[in-house]
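Hi everyone, thanks for making time today.

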Amino acid sequence: MRKNVSPWLHQLDKERTTKKIEEDVKTNVAIIGAGIAGVSTAFHILEKTDKNVVLIERHLLAHGATGHNAGQIVGHFERGLASLVEEFGLALAISGQRDVESGWDLLEHMHSTARLDIPLFKFRGHSGYSSFAQVLVRLENNRLRVAGGLEPDELLISETCTENNIIPEEYDGLYQVVPLETVKKTLETDAEFIAVSTYTKGCLNSALFCEKIVGYLESAYPDRFALYEHTPIRKIILSPEYGLLDAETHTIRADKVVLCTNGFQDLRILNEGGLDIDSKYHFLISGKMGYMSGYLEEFNKPATAISYFTDPSTSADNSYFYLTRRHYEYERGKQHNLICIGGPDIPVEDTALYSHENELPDERADELDRFVRSVYDTTPNKKIDYLFTWHGLMGYTRDGVRLVGPEPKNPVLLY
């Protein structure tokens, strides 16, 4: 068993002071959850309105999923575009995809406005495929992107693949045929992959980003912004005009309440202004555990993010390994590349049993190590010192689509 040690939390300010709620509070907007979703929501509300904002975190700023992820930025849903179109239709799916991709502009705006000095890497990342079925899914996604007015992802298919499979004519112009070695070189591997797609990806220490943004908000809006940590919210009472948050020994009254959590909190919602809100909405959330490892390399390669679909029997929407590489300062003034590896998510049946204090099972660490040695760094007998091994609980809706917007039964509450 290995300790849960995240490289993102390692870079946080250990001397930062925290504040717990010590009196009843009245505000325009109360945001529950101080991860990257909650911090970003606070930033844009403060910038675009004159409203007062209170950000509430039951533990510590950015210490949940935001501090225990793979550090990779991607502009897509947890499902492929083709499956979204099948369920929601082309217009709505494309609209959602366009909105998700526009998140890059919002993120870069936050970074520049706050004048952050932490790295925000943006580049052309890759995904490698090991079966023709996976390639067909990517082709269909590209066809639908074009049909909806979006640019297609670059898709390189090896000559080996096209020699053994027939690509339907409807996909003409949506891919290029290249030598197999071009696919392998793009994926930085000698392993067997038959195609690679390329699209915008990035890397960011989202926990450090949150810490820096909160510092900016406290400086820029001292009279309109407050962060309360170690302040769990157990109950929300909604009236037609406001929400009342039960913060144990104190209350927070807010005109609007925004939930920016993973969805697993023990939280009761009472709607006094109308129809009952299903307090079991948490059960719409599916828990998945991500396991990750990280080690340092010489600082001699550019940042990248690559997904590898190593199992030909899996779909092109899930069950893959991913690798990120970026500049990382482990000791002050010393430059390294940090290599982060994550594997297929593991479903979590009872999220109440999850704790960041849990150790990483040896079998998961060994699985990630085998991937590194068979795909990314095949140097025989190379010693790899995994400074970081960590896990994180991620919350997904059952259909893989985020719930965003006002609660239909009472718009005082937003998700």
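Let me start with a question: which side chain meets that of R16 in a salt bridge? The partner is E211, with 3.8 Å from N to O. By salt bridge I mean a side-chain nitrogen of Lys or Arg within 4 Å of a carboxyl oxygen of Asp or Glu. R16 sits in the loop between helix 1 (7-10) and strand 1 (25-32), while E211 belongs to helix 9 (residues 206-220), so the pair ties together parts that are 195 residues apart in sequence.

Before going on, a word about what we are looking at. This is a predicted model, where local features need pLDDT of at least 70 and side-chain atom pairs count only at pLDDT 80 or more, while totals for chains, interfaces and linings use all residues. Residues are numbered from 1 along each chain as its sequence is written, and side-chain values use heavy atoms, with hydrogens and water left out.

Now, the overall picture. The protein chain has 10 helices and 20 strands. These are DSSP runs, numbered from the N terminus: helices are H or I with at least four residues, and strands are E with at least two. For 415 residues, a compact globule would have a radius of gyration near 22 Å, and the protein chain agrees, because its value is 22 Å. That radius is taken over C-alpha atoms, and the globule rule is 2.2 Å times the number of residues to the power 0.38.

How much of the chain is buried? Of the 415 residues, 50% count as buried. Buried means under 20% relative accessible area, exposed means over 50%, and partly exposed is in between, using a 1.4 Å probe and protein chains only. The accessible surface of the protein chain is about 19900 Å², and carbon and sulfur atoms hold 50% of that. Those areas come from the Shrake-Rupley method with a 1.4 Å probe, and for residues only the protein chains shown count as cover.

Contacts also reach across the sequence. Among contacts between residues at least 6 apart in sequence, 75% join residues at least 24 apart; contact here means heavy atoms within 4.5 Å.

Back to salt bridges, then. The structure holds 17 of them. In the pair we began with, R16 is partly exposed at 25% relative accessibility, whereas E211 is buried at 13%.

Next, please find R325. This residue forms a salt bridge with E188, and the closest N and O atoms are 2.8 Å apart. The two come from distant parts of the chain, 137 residues apart: R325 is in strand 15 (residues 321-329), and E188 is in the loop between helix 8 (180-187) and strand 7 (195-203). R325 counts as buried, at 2% relative accessibility, and E188 as partly exposed, at 28%. There is also a backbone detail to notice at E188: its phi is positive, about 55 degrees, although it is not a glycine.

A62 is another residue to look at for its backbone. Its phi is near 60 degrees, again a positive value in a residue other than glycine. You will find A62 in the loop between strand 2 (53-56) and strand 3 (72-74), and at 1% relative accessibility it counts as buried.

One more salt bridge: the side chains of R145 and D153 meet at 4.0 Å, N to O. Both R145, at 10% relative accessible area, and D153, at 15%, are buried. Through shared partners, salt bridges join E101, R138, R145 and D153 into one network.

Leaving out residues up to four places away in sequence, G148 touches L90, I94 and R98.

Finally, which residues does D362 contact, leaving aside its neighbours within four places in sequence? They are M1 and R2. D362 is in helix 10 (residues 362-376) and is partly exposed, with a relative accessible area of 33%. D362 and R2 are 360 residues apart along the chain, and their C-alpha atoms are separated by 6.8 Å.

That's my tour, and I'm happy to go back to any view you'd like.
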